[in-house]
Amino acid sequence: MARNEEKAQSMLNRFITLKNEEKKKPKERRPFLASECRDLAEADKWRQQIMREIGRKVADIQNEGLGEHLLRDLNDEINKLIREKVHWERRILELGGANYTKHSAQMTDLDGNIIDVPNPSGRGPGYRYFGAAKKLPGVKELFEKPPELRKRRSRYEIFKRIDASYYGYRDDEDGILVKLEGPAESEMRAAALKDWQRMEEIKKEARRAVKSGEVANVTEILFEEEEDVVEEERIAKEKETKKEEFVVHVPLPDEKEIERMVVEKKKKDLMDKYMSGDLLEEQTEAKTMLNIHR
């Protein structure tokens, strides 16, 4: 028996294949401009054709082994087809068809999170990256989220959140705090009163010992503050008891005695000058100035 390849090359099979091709309509080309299409069904058909082409190219771009240049070319072709698809969807809407732009696919990052596509021109869906093109050098950084910088709050923002609750004015509104603090407050009051009474007894005993001048037999240990108070009282008491009049043990000179001592001091200075010759020199200088000659 002949094989399938030999059967396909037979005259009859080639004749049948040629007839089938003649029966087919000539292959139509998609209009270059969507505005040239006047039929809604035709416009929908061309849109479907573009969708199939996009699907095939998106499947091809998933292969990371194609190389950087081929991946970039495929990504450019996909973006070009997406822009063309948008034109046909706008034309379908103008012809009274369905609005496909409402359910258009959104851009996602490597983790599958939806991100905003940068579109500086404001026309069309913007440039997108698909498949392995997202991992190309220079593209992967676009999908990385910048670290969130915690802005330091200003003083106005801090004080804006402060209300009566911050200062504790509303702690007693529910009544729970009062019930919890009541027994604790009474216990603290009783303990503080007991300590105060004990300290008062120790103070009285210490004062009694200071007044009598005897050593007090106090078994309790005083706090530092109480010790200072008792010590100050003891020092003040000693100053009051030891206060005496000031007694002068050296006789003080009167006015006549002071005058006599001044005169003697002057005489002694004059004699010292005369003996040293300073007085004669002064007399000679004075006579020379006054032109006094004997």
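The legends below describe close-up views of a predicted model.

Residues are numbered from 1 along each chain as its sequence is written. Because the model is predicted, local features need pLDDT of at least 70 and side-chain atom pairs count only at pLDDT 80 or more, while totals for chains, interfaces and linings use all residues; side-chain values use heavy atoms, with hydrogens and water left out.

**Figure 1. The protein chain comes to ten helices and zero strands.**
Helices (H or I, at least four residues) and strands (E, at least two) are DSSP runs, numbered from the N terminus. Along the sequence the pattern reads α-α-α-α-α-α-α-α-α-α. The protein chain has 294 residues, of which 15% count as buried. Buried means under 20% relative accessible area, exposed means over 50%, and partly exposed lies in between (1.4 Å probe, protein chains only). A contact means heavy atoms within 4.5 Å. Among contacts between residues at least 6 apart in sequence, 55% join residues at least 24 apart.

**Figure 2. Helix 3 covers residues 40-60.**
This helix has 21 residues and reaches 31 Å from its first C-alpha to its last, close to the 30 Å expected at 1.5 Å a residue. The expected span is 1.5 Å times one less than the number of residues. The buried residues of helix 3 are Ala 43, Trp 46, Arg 47, Ile 50, Glu 53 and Ile 54. Seen down the helix axis, these buried residues fall within an arc of 120°, so they line one face of helix 3. The arc is that of the directions from the helix axis to the C-beta atoms. Helix 4 (68-94) is included in what covers the buried residues of helix 3. The face turned away from the buried side carries the exposed residues Ala 41, Arg 56 and Ala 59.

**Figure 3. Asp 39 caps the N-terminal end of helix 3.**
A side-chain oxygen of Asp 39 lies 3.4 Å from the backbone nitrogen of Ala 41. A polar contact is a pair of N or O atoms within 3.5 Å; within protein, one must be able to donate a hydrogen and the other to accept it, and residues adjacent in sequence count only if both atoms are side-chain atoms.

**Figure 4. Two charged residues sit over aromatic rings.**
A charge sits over a ring if NZ of Lys or CZ of Arg is within 6 Å of the ring centre and within 35 degrees of the ring normal. The charged end of Lys 45 is over the ring of Trp 46, 4.3 Å from its centre. Arg 47 lies over the face of Tyr 100, at 3.7 Å from the ring centre. Arg 47 belongs to helix 3 and is buried, with a relative accessible area of 8%. Leaving aside residues up to four places away in sequence, Arg 47 touches Lys 85, Trp 88, Glu 89, Ile 92 and Tyr 100.

**Figure 5. The structure holds three aromatic pairs.**
Rings of Phe, Tyr and Trp (its six-membered ring) pair if their centres lie within 6.5 Å; planes under 30 degrees apart count as stacked, over 60 as edge-to-face and the rest as tilted. Tyr 127 and Tyr 129 are edge-to-face, 5.1 Å centre to centre with 70° between the planes. The rings of Tyr 166 and Tyr 167 have centres 5.2 Å apart and planes at 90°, so this pair is edge-to-face. Tyr 166 is exposed at 57% relative accessible area, and Tyr 167 is exposed at 52%. Tyr 166, Tyr 167 and Tyr 169 form one aromatic cluster.
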